[in-house]
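Here is a colleague's note to go with the structure. Please read the points with the model open beside you.

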Amino acid sequence: MAEDVTVEEITFIEEYVDELAALLIEVEEVGSSIGFLPSLGLSDARHYWMNILGPEVILLVATINESIIGSVQLYINQKQNRDQVEIAKLMIHPNYRQKGFGRLLMQKAALRAKQDAKSLLFLNTRAGDPTNQLYTSLGYIQVGRIPNYIMSIDRVLHATFVYYKIER
Ligand SMILES: CC(C)(COP(=O)(O)OP(=O)(O)OC[C@H]1O[C@@H](n2cnc3c(N)ncnc32)[C@H](O)[C@@H]1OP(=O)(O)O)[C@@H](O)C(=O)NCCC(=O)NCCS
């Protein structure tokens, strides 16, 4: 990794909302599968981030030179009889891709889940996306395919693959 990157957990969202909104808009403009369609407006993007944190949601951000270049979220299942965390909305700014930062955020997310004593990680990702290689290379196991799950920029519905990993 050429550039110095730090990964931190955000617990007070207000001071990061503008940067995160800009990141989300950039990521959506080039196409992604994280829940939005272009053209996402600034006010909708800000509204999304303002309301993101809660007892079940952990937000990690990757920063280079004090600018946020990526993020990932952990949805911690708080039920007493559950040991699971959903990892979601991994995103890296288009200018910083294919430098290992997505992989780094996934590794940090797994470590964060461990801190909460959660060992079952699961996620889903659009069929055909490079994330499938990323998650497989991190040891996630594909368990199924759900059709018509995610709409792309051209408004075509795509399947998603569901993955899990048990961290010991
Ligand atoms: C998916 C995403 C987070 C990857 O981030 P990244 O920092 O570029 O990923 P990394 O550099 O850590 O790459 C990790 C692995 O992913 C795969 N990968 C990532 N981008 C790829 C591409 N464009 N083509 C092929 N494989 C790719 C490779 O297997 C790579 O491993 P390698 O470098 O050893 O070959 C980024 O492309 C992104 O933000 N996409 C839009 C948002 C999105 O769709 N998120 C997924 C939600 S499930």
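**Notes on the model**

1. Ser39 counts as exposed, at 63% relative accessibility. Buried here means under 20% relative accessible area, exposed over 50%, and partly exposed in between, with a 1.4 Å probe and protein chains only. Ser39 sits in the loop between H1 and H2. Helices (H or I, at least four residues) and strands (E, at least two) are DSSP runs, numbered from the N terminus. Ser39 and Leu20 are 19 residues apart in sequence and 16 Å apart in space, C-alpha to C-alpha.

2. A word on the basis. This is a predicted model, in which local features need pLDDT of at least 70, side-chain atom pairs count only at pLDDT 80 or more, and totals for chains, interfaces and linings use all residues. Residues are numbered from 1 along each chain as its sequence is written, and side-chain values use heavy atoms, with hydrogens and water left out.

3. Now the aromatic rings. Rings of Phe, Tyr and Trp (its six-membered ring) pair if their centres lie within 6.5 Å; planes under 30 degrees apart are stacked, over 60 edge-to-face, and the rest tilted. The count by this rule is 4 aromatic pairs. One of them joins Phe36 and Tyr48 edge-to-face, at 5.0 Å centre to centre with 80° between the planes. Phe36 lies in the loop between helix H1 (17-29) and helix H2 (42-50) and Tyr48 in helix H2, so this pair ties together parts that are 12 residues apart in sequence. Tyr48 and Trp49 also form an edge-to-face pair, 5.0 Å centre to centre and 70° between the planes.

4. Tyr48 is buried at 16% relative accessibility. Both Tyr48 and Trp49 are buried.

5. H2 has a buried side. Its buried residues are Ala45, Tyr48 and Trp49. Seen down the axis of H2, they fall within an arc of 90°, so they line one face of the helix. The arc is taken from the directions from the helix axis to the C-beta atoms. Exposed Ser43 and His47 are on the face of H2 turned away from the buried side. What covers the buried residues of H2? The cover includes H1, strand E2 (57-64), strand E3 (67-76) and strand E4 (84-92).

6. Next, the largest pocket. Its volume is about 1,000 Å³. On a 1 Å grid over the protein atoms alone, a pocket is an open set of points where a 1.4 Å probe fits, with protein on both sides within 12 Å along at least five of seven lines; lining residues have an atom within 4 Å of a point. Grid points are joined across faces, edges and corners, and the volume is the space filled by probe spheres set on the points. The largest pocket is lined by 39 residues, with Ser33, Leu90, Thr125, Thr131 and Tyr135 nearest its centre.

7. Which elements build this lining? E3, E4, helix H3 (101-115), strand E5 (120-126), helix H4 (131-137) and strand E6 (141-151) each supply at least two residues. E4 gives the most, with 7 residues. The lining residues divide into 21 nonpolar, 11 polar and 7 charged. Ala, Val, Leu, Ile, Met, Phe, Trp, Tyr, Cys and Pro count as nonpolar, Asp, Glu, Lys and Arg as charged, and the others, Gly among them, as polar.

8. Thr125 deserves a look. Thr125 is in strand E5 and is buried, with a relative accessible area of 3%. Leaving aside neighbours within four places in sequence, Thr125 is in contact (heavy atoms within 4.5 Å) with Ser33, Thr131, Asn132, Tyr135, Thr160, Phe161 and Tyr163.

9. Asn148 has a positive phi of about 55° although it is not a glycine. Asn148 is in strand E6 and is exposed, with a relative accessible area of 55%. Arg155, also not a glycine, has a positive phi of about 65°. Arg155 lies in the loop between E6 and strand E7 (157-166) and is exposed, with a relative accessible area of 55%.

10. One more spacing. Gln107, in helix H3, is partly exposed, with a relative accessible area of 38%. Gln107 and Arg126 are 19 residues apart in sequence and 20 Å apart in space, C-alpha to C-alpha.
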